[in-house]
Amino acid sequence: MDKIKTIIFDLDGTLVNTINVTIPAFENVIKDLKEKNMIEYLPDKKEIMKYIGYPIDQIFTNLYDSNDKKLIEESVRLLDHYEEIIIENNDNIFFDGVIEVLDYLSKKGYKMMVLSNCNTTYLNSILKKGIEIYIDEPYCSEMFDWKDKEEVMKKVIDLNKKEEYVMVGDRKHDIKAAKDNGIKSIGCDYGYGQHEINSADIIIKDIKELIDIF
């Protein structure tokens, strides 16, 4: 990792402890839609966790097994609403050590990006909880018309200097995006896709391990 100058972070399962934020928001969305008779089946927490890290529309499509545009749009609207409330009132949204690690990397002179399959509302809400000062370039899929992460990555990195980048994430989308773009990857085994990160160049069990790596 000697040549690395820019570290790209995923959000959910990498920096953000989704169990404290997104899961309660999803549960509220599902409850609301059930009360409005817009859905019958109620996905449980385990099923929701299976899709965390996917683009938001894909998460709801998978949960409902439906491509109903009106249903998906209402789900996304409600999710934005509940996530904003939860994030605003919760100071325990990051994994232990996240601020310490970002501060360390910043002082070491690394450029840091966020690249997430979330939307801009969620991204901005998370940044404002204390990591905005460390992230030089925050990106999310909504900014790029919900394209796959590997396509978005092509647009935000300098491909002529790809050896200077590393992707840090916990799902297959993160590792695949890195490989497709010819950059290194670090898989987060403490996240939500442990079995999906076996092909990462390095696997960590705690984000604080990044201090030893960099």
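This is a predicted model: local features need pLDDT of at least 70, side-chain atom pairs count only at pLDDT 80 or more; totals for chains, interfaces and linings use all residues.
The model contains an open sheet of six strands. Their order is β3-β2-β1-β4-β5-β6, and the pairing is parallel. Strands β3 (137–140) and β6 form the edges, each pairing on one side only. From one strand to the next, the twist averages 20°. Within this sheet, β4 (residues 165–169) and β5 (residues 184–188) run parallel and are joined by four bridges. Methionine 167 has serine 185 in β5 as its bridge partner.

Two helices are considered against the sheet. Helix α7 packs on the sheet and touches β2 (111–116), β3 and β4. The direction of α7 makes about 150° with that of β2. Helix α8 lies across β4 and β5. Relative to β5, α8 runs at about 170°.

Side chains of opposite charge can pair when their charged atoms come close. The structure holds 13 salt bridges. One of them joins lysine 176 to glutamate 150, with 3.1 Å between the closest N and O atoms. This pair links distant parts of the chain, 26 residues apart. Lysine 176 sits in helix α8 (residues 172–180), and glutamate 150 sits in helix α7 (residues 149–156). Glutamate 150 counts as buried, at 14% relative accessibility, because the cut-off is under 20%. Lysine 176 is partly exposed, with a relative accessible area of 42%.

Lysine 176 also forms a salt bridge with aspartate 180. Here the closest N and O atoms are 2.7 Å apart. Both residues lie in helix α8, four residues apart, so about one helical turn separates them. Aspartate 180 counts as partly exposed, at 42% relative accessibility. Elsewhere, salt bridges that share partners join Asp10, Lys149 and Asp174 into one network.

The side chains of aspartate 96 and lysine 208 meet at 3.1 Å, N to O. The pair links distant parts of the chain, 112 residues apart. Aspartate 96 lies in the loop between α4 (69–88) and α5 (98–107). Lysine 208 lies in the loop between β6 (202–204) and α9 (210–213). Aspartate 96 counts as exposed, at 61% relative accessibility, because the cut-off is over 50%. Lysine 208 is partly exposed, with a relative accessible area of 29%.

Notes
Residues are numbered from 1 along each chain as its sequence is written. Side-chain values use heavy atoms; hydrogens and water are left out. A salt bridge is a side-chain nitrogen of Lys or Arg within 4 Å of a carboxyl oxygen of Asp or Glu. Buried means under 20% relative accessible area, exposed over 50%, partly exposed in between (1.4 Å probe, protein chains only). Two strands pair if DSSP finds at least two bridges between them. Axes are lines fitted to C-alpha atoms, for helices over the stretch in contact, and angles run from 0 to 180 degrees between N-to-C directions. Contact means heavy atoms within 4.5 Å.
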